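Thanks for making the time this morning. I will walk through one model, so please keep the viewer open and follow along.

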Amino acid sequence: MPHLPDGAVRWKASLDVATLRIKGPGFDELPDWDSERTLVVVFFPPRWSGALDQLATQFPRSQVVGCSTAGEILDGVVSDDSAVAAVVRFDACGLASSTTTLGPGRRSFEAGSRLAADLAARARRGEPLRAILALSDGLGVNGSELARGLSETLPPGVVVTGGLAGDGDRFERTSVLHGSVARSGAVTAVGFYGEAVDVRTGSQGGWDVFGVERAVTRASGNVVYELDGRPILDLYREYLGERAAGLPATALLFPLALRCSRETTHSLVRTVLGIDEAERSMRFAGDVPEGSLVQLMRANFDRLVQGASDAAAMTALRDDPRQCLVLAISCVGRRLVLGQRVEEETEATLENFGPRARQIGFYSYGELSPAGGGTCELHNQTMTLTAILER
């Protein structure tokens with residue numbers, strides 16, 4: 001039987017999962033499960049000095065991926081000073097990974113399309129591509145375009161989830177790990193192949209709109225210059241008052257609800273990634289099209305926690321007896337609002353999974369998950385869950 005670190009769990013099932021928190025410089029405590037059907041996922045503090053390159057040496061045949069965070073999640077516990085890792089050894093699921101750079105001009109659509117095409121091409125007879133987990137640089141990306149590039153290039157029915165890397169509340173530098181290399185400006189994706197893999201997703205928010213709805217009168221991609229003819233940065237400063245000194249981080253407390261037109265009932269949430277003082281503009285994690293309508297949002301504490309619980313319930317795995325890895329990706333804005341009570345949402349997710357579920361995750365700058373129509377979209381300010389099992 002393979003060595004298991006303290007806190008790891010092994011069940012008699014087709015899927016083996018070990019999860020643990022790592023505070024030191026190495027990964028010696030991880031189980032020796034290296035194989036072509038093993039996935040290693042690690043989420044780490046932005047300026048962590050751990051030996052990430054050791055993973056590729058320790059797991060030479062496995063798929064090794066991860067990213068920097070705005071907080072790490074292990075089961076119900078949230079921390080900032082240690083990495084969290086999961087080693088998943090499948091029985092029948094095939095795995096492949098790919099990485100690419102975003103390129104000049106933040107060509108996020110092309111990056112998503114390249115990854116999707118590469119992973120789709122690796123499907124073999126009897127092992128179709130079933131799902132993709134994508135982890136992206138959190139600052140130099142247009143998450144909407146990345147999601148669109150992935151979705152439009154993939155065969156129908158492939159589930160896409162993931163998130164944008166974090167840098168705490170600093171918004172200076174994020175990094176993505178693939179194999180032995182962690183770098184900025186990159187996107188990494190893992191493909192899951194074959195009928196044996198079972199991937200469930202759920203994503204919910206819990207924010208309330210307030211104030212007037214405004215038209216986006218000047219914007220380009222994910223950069224907004226004016227709302228109702230006024231510089232957006234000026235409007236945010238008015239709403240934030242004394243909190244404006246903390247921009248862009250304090251803008252996370254007041255994301256935007258976005259509707260493409262007055263006839264649209266479905267709305268997306270957009271959160272701020274940066275500001276430009278000279279242009280008096282704000283850069284968001286995803287597209288905010290010119291001509292769309294936006295409205296400020298604020299948090300309701302109880303609804304945030306309930307939203308996390310609802311996201312887990314969407315996976316319909318509460319009474320499932322199978323061993324399961326749960327990847328929890330929640331927005332950094334939710335963490336800022338929940339404060340010292342942040343673990344109430346991570347505990348709420350676990351309560352909706354079976355006793356054999358193990359959870360790791362991170363606080364992000366954006367979440368990737370299927371929307372109502374089944375196509376992957378960028379979300380902000382949500383708790384997004386990906387549950388991975390074998391049939």
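I start with one side chain: F43 is buried, at a relative accessible area of 1%. Before I say what sits against F43, a word on what we are looking at. This is a predicted model. The average pLDDT over the chain is 91, and 95% of the residues score at least 70. The exception to keep in mind is residues 1–13, where pLDDT stays under 50. For that stretch the model has 34 contacts beyond four places in sequence.

Back to the rings. The structure holds six aromatic pairs. One of them is F43 with F362, a tilted pair with 4.7 Å from centre to centre and 40 degrees between the planes. F43 belongs to strand 2, residues 38–44, and F362 to strand 24, residues 357–364, so this pair ties together parts that lie 319 residues apart in sequence. F362 is also buried, with a relative accessible area of 0%.

Another pair is F210 with F254. Their centres are 6.1 Å apart and the planes stand at 65 degrees; since over 60 counts as edge-to-face, that is what we call this pair. Where do F210 and F254 lie? F210 is in the loop between strand 14 (207–209) and strand 15 (214–220), and F254 is in the loop between helix 4 and strand 18 (256–259). The pair therefore ties together parts that are 44 residues apart in sequence. F210 has 15% relative accessibility and counts as buried; F254 has 16% and counts as buried too. Ring pairs link F210 and F254 with Y239 into a cluster.

That brings us to helix 4, residues 232–240. Which residues of helix 4 are buried? They are I232, L233, L235, Y236 and L240. Looking down the axis of helix 4, these buried residues fall within an arc of 160 degrees, so they line one face of the helix. Helix 4 is followed by G241, which has a positive phi near 60 degrees. Further along, a cis peptide bond joins L247 and P248, with omega about 5 degrees. P248 sits in the loop between helix 4 and strand 18.

Strand 1 runs antiparallel to strand 6, residues 83–89, and seven bridges join the two. For a reference point, I22 stands opposite A83 in strand 6.

A further open sheet of six strands has the order 7-12-8-9-25-26, again with mixed pairing. Strand 7 (94–101) and strand 26 (376–379) are at the edges with a single partner strand each, so one side of each is left without a neighbour in the sheet. Strand 9 (residues 159–164) and strand 25 (residues 366–370) run antiparallel and are joined by three bridges, and G162 stands opposite L368 in strand 25.

Helix 2, residues 108–121, packs on this sheet and touches strand 7, strand 8 (129–136) and strand 12 (186–193). The direction of helix 2 makes about 155 degrees with that of strand 7. Helix 3, residues 143–153, lies across strands 8, 9, 12, 25 and 26, and runs at about 165 degrees to strand 26.

Next, a hairpin. Strand 20 (residues 272–276) and strand 21 (residues 281–284) run antiparallel, with four bridges between them. The bridge partner of D276 is S281 in strand 21. The hairpin has four residues between the strands, and R280 takes a positive phi near 55 degrees.

Two other residues have positive phi without being glycine. D75 has phi near 50 degrees and is found in the loop between strand 4 (72–74) and strand 5 (77–79). A316 has phi of about 55 degrees and lies in the loop between helix 5 (301–313) and strand 23 (324–331). Is each of these buried or exposed? D75 is buried, at a relative accessible area of 18%, whereas A316 is exposed, at 61%.

Note on methods. Residues are numbered from 1 along each chain as its sequence is written. This is a predicted model: local features need pLDDT of at least 70, side-chain atom pairs count only at pLDDT 80 or more; totals for chains, interfaces and linings use all residues. Side-chain values use heavy atoms; hydrogens and water are left out. pLDDT is the predictor's confidence in each residue, from 0 to 100. Contact means heavy atoms within 4.5 Å. Buried means under 20% relative accessible area, exposed over 50%, partly exposed in between (1.4 Å probe, protein chains only). The arc is that of the directions from the helix axis to the C-beta atoms. Two strands pair if DSSP finds at least two bridges between them. Axes are lines fitted to C-alpha atoms, for helices over the stretch in contact, and angles run from 0 to 180 degrees between N-to-C directions. Rings of Phe, Tyr and Trp (its six-membered ring) pair if their centres lie within 6.5 Å; planes under 30 degrees apart count as stacked, over 60 as edge-to-face and the rest as tilted.
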